[in-house]
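I opened the model to go through its salt bridges and one backbone angle. My entries follow.

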Amino acid sequence: MTTERIVRAGLLLAAAALIAACQAQSPEEMAPTESTSSAPNMTVYHDPDCGCCSKWIDHMRVNGFAVEAVPTRDMNRMKRDLGVPRNLPSCHTAVVGDYVIEGHVPAGDVKRLLAEQPDARGLSVPGMPLGSPGMEMGDRRMAYDVIQFHEDGDTSVFTHYEAIERE
């Protein structure tokens, strides 16, 4: 197999995993949360049937963000229009200030981004790592990186989270 075919196959598997994980969590599992009036405003575009997206929105609200949730069936167009790199997709896309937040980025990293204001387009947690906000499964967490991305396509690790394995 060529490298291009391997990459395409990997992207297809990642997309299938995203869809399966979103559909596995129902809206009934989510508790509503309140936002504070002085919170940073955030708009989150998400598939209306995705439970993990709603859980991430709850995580952001609990951590002080005023979130407007915008359900849409055309997430690919939203990602493209907002400049999310094709190699960093997840299941939902948010805008806060001048930044794009892709996927299950922890609220602390978004707050750090807003405080430091780097010359970047945004942050992404590609895929849907187990244990990231909205993808919790008890005390377990797989290792994952929060990736900072730029308009020119450059990326760097913004934060690394180690795996947590508990019996």
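I looked up Arg140 and Glu165 and found their side chains meeting in a salt bridge at 3.9 Å, N to O; the term requires a side-chain nitrogen of Lys or Arg within 4 Å of a carboxyl oxygen of Asp or Glu. The pair links distant parts of the chain, 25 residues apart: Arg140 is in the loop between strand 5 and strand 6 (144-149), Glu165 in the segment after strand 7 (155-161). I take helices (H or I, at least four residues) and strands (E, at least two) as DSSP runs, numbered from the N terminus. Arg140 is partly exposed at 36% relative accessible area, and Glu165 is exposed at 60%. My classes are buried under 20%, exposed over 50%, partly exposed in between (1.4 Å probe, protein chains only).

I note that this is a predicted model, where local features need pLDDT of at least 70, side-chain atom pairs count only at pLDDT 80 or more, and totals for chains, interfaces and linings use all residues. Residues are numbered from 1 along each chain as its sequence is written, and side-chain values use heavy atoms, with hydrogens and water left out.

I counted eight salt bridges by this rule. Lys79 and Glu102 form one of them at 2.6 Å, N to O. Lys79 is in helix 3 and Glu102 in strand 4 (residues 99-103), 23 residues apart; both are buried.

Asp49 pairs with Arg73, with the closest N and O atoms 2.7 Å apart. A network of salt bridges links Asp47, Asp49 and Arg73.

Last, I checked Gln117, which has a positive phi near 45° and is not glycine. Gln117 is in the loop between helix 4 (107-116) and strand 5 (122-125).
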